[in-house]
Amino acid sequence: QVQLQESGPGLVKPSQTLSLTCTVSNGSITTHGYYWSWIRQPPGKGLEWMGAIIYLGSTYYSPSLKSRTSISRDTSKNQFTLQLSSVTPEDTAVYYCARSISGYSDYWGQGTQVTVSS
């Protein structure tokens, strides 16, 4: 089955750029029909969809985060990456990558905690 694994620093300072990578196994990020999402969950809050990159390489972002978010991919490594700029403590969350299709996400990474603090 498809496996996703997030990686990146667990601590980021305010105003810096958060960068996370999702490595996908047993499935290609170029497979027709799928899109690859970043989702986060701040402490005590619900899940927030941040954005996605589709199998063709186009990207889509949450309107509330669009100005600070960039998602890219490396097809040779079967990875996709999240960059979130100008972070504040409010960006502290567990960050997940997931495979999505038709409006739902069927495979998720285990999640990685990112704390924004000086």
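Predicted model: local features only at pLDDT ≥ 70, side-chain atom pairs only at ≥ 80, totals over all residues.
Which residue in strand 10 is the bridge partner of arginine 99? The bridge partner of arginine 99 is tyrosine 107.

## Overall architecture

The protein chain contains eleven strands and zero helices. Read from the N terminus, its elements run β-β-β-β-β-β-β-β-β-β-β. The radius of gyration is 13 Å, close to the 13 Å that the globule rule gives for 118 residues, so the chain is as compact as a globular protein of that length. Along the principal axes, the C-alpha atoms occupy a box of roughly 40 × 25 × 25 Å.

Of the 118 residues, 41% are buried. The accessible surface of the chain is about 6100 Å², and carbon and sulfur atoms contribute 47% of that area. Among contacts with a separation of 6 or more, 53% are made by residues 24 or more positions apart.

Four strands form an open sheet in the order 1-3-8-7, with antiparallel pairing. Strand 1 (3–7) and strand 7 are at the edges and each has a single partner strand, so one side of each has no neighbour in the sheet. On average, and with direction ignored, neighbouring strands of this sheet are turned by 20 degrees against each other.

Threonine 69 is placed opposite leucine 84 of strand 8. Strand 7 and strand 8 form a hairpin with four residues between the strands, and asparagine 78 in this hairpin adopts a positive phi near 55 degrees.

## Strand 9 and its partners

Strand 9 is mostly covered, with seven of its nine residues buried. Its pairing with strand 4 is antiparallel and extends over seven bridges. Within this pairing, tryptophan 38 has cysteine 97 of strand 9 as its bridge partner. Strand 9 also runs antiparallel to strand 11 (residues 112–116), to which three bridges join it. Valine 94 has glutamine 113 of strand 11 as its bridge partner.

Strand 10 is a further antiparallel partner of strand 9, with four bridges between the two.

## Aromatic pairs

The model contains three aromatic pairs. In one of them, tyrosine 96 and tryptophan 108 are arranged edge-to-face, with 5.7 Å centre to centre and 80 degrees between the planes. Tyrosine 96 lies in strand 9 (residues 93–101) and tryptophan 108 in strand 10 (residues 104–108), so this pair ties together parts that are twelve residues apart in sequence.

Are the two members of this pair buried or partly exposed? Tyrosine 96 is buried, because its relative accessible area of 17% is under the 20% cut-off. Tryptophan 108, at 35% relative accessibility, counts as partly exposed, because that value lies between the limits of 20% and 50%. Elsewhere, Trp36, Trp38 and Phe80 form one aromatic cluster. Trp38 is also the residue whose bridge partner in strand 9 is cysteine 97.

Where is tyrosine 34 placed? Tyrosine 34 is in the loop between strand 3 and strand 4 (35–41). With a relative accessible area of 18%, tyrosine 34 is buried, because that value is under 20%.

Which residues are in contact with tyrosine 34, apart from its neighbours within four places in sequence? They are Ile54, Tyr55, Arg99, Ser100, Ile101 and Asp106. Isoleucine 101 is 67 residues away along the chain, yet its C-alpha atom is separated from that of tyrosine 34 by 5.2 Å.

Conventions:
Residues numbered from 1 in each chain as written. Heavy atoms only, no water. Pairing = 2+ DSSP bridges. Phe/Tyr/Trp six-rings, centres within 6.5 Å; stacked < 30°, edge-to-face > 60°. Buried < 20%, exposed > 50% of the residue type's maximum accessible area, 1.4 Å probe, protein only. Axes fitted to C-alpha atoms, helices over the stretch in contact; angles between N-to-C directions. Rg over C-alpha atoms; globule rule 2.2 N^0.38 Å. Contact = heavy atoms within 4.5 Å. Areas by Shrake-Rupley, 256 points an atom, 1.4 Å probe, with all protein chains shown as cover.
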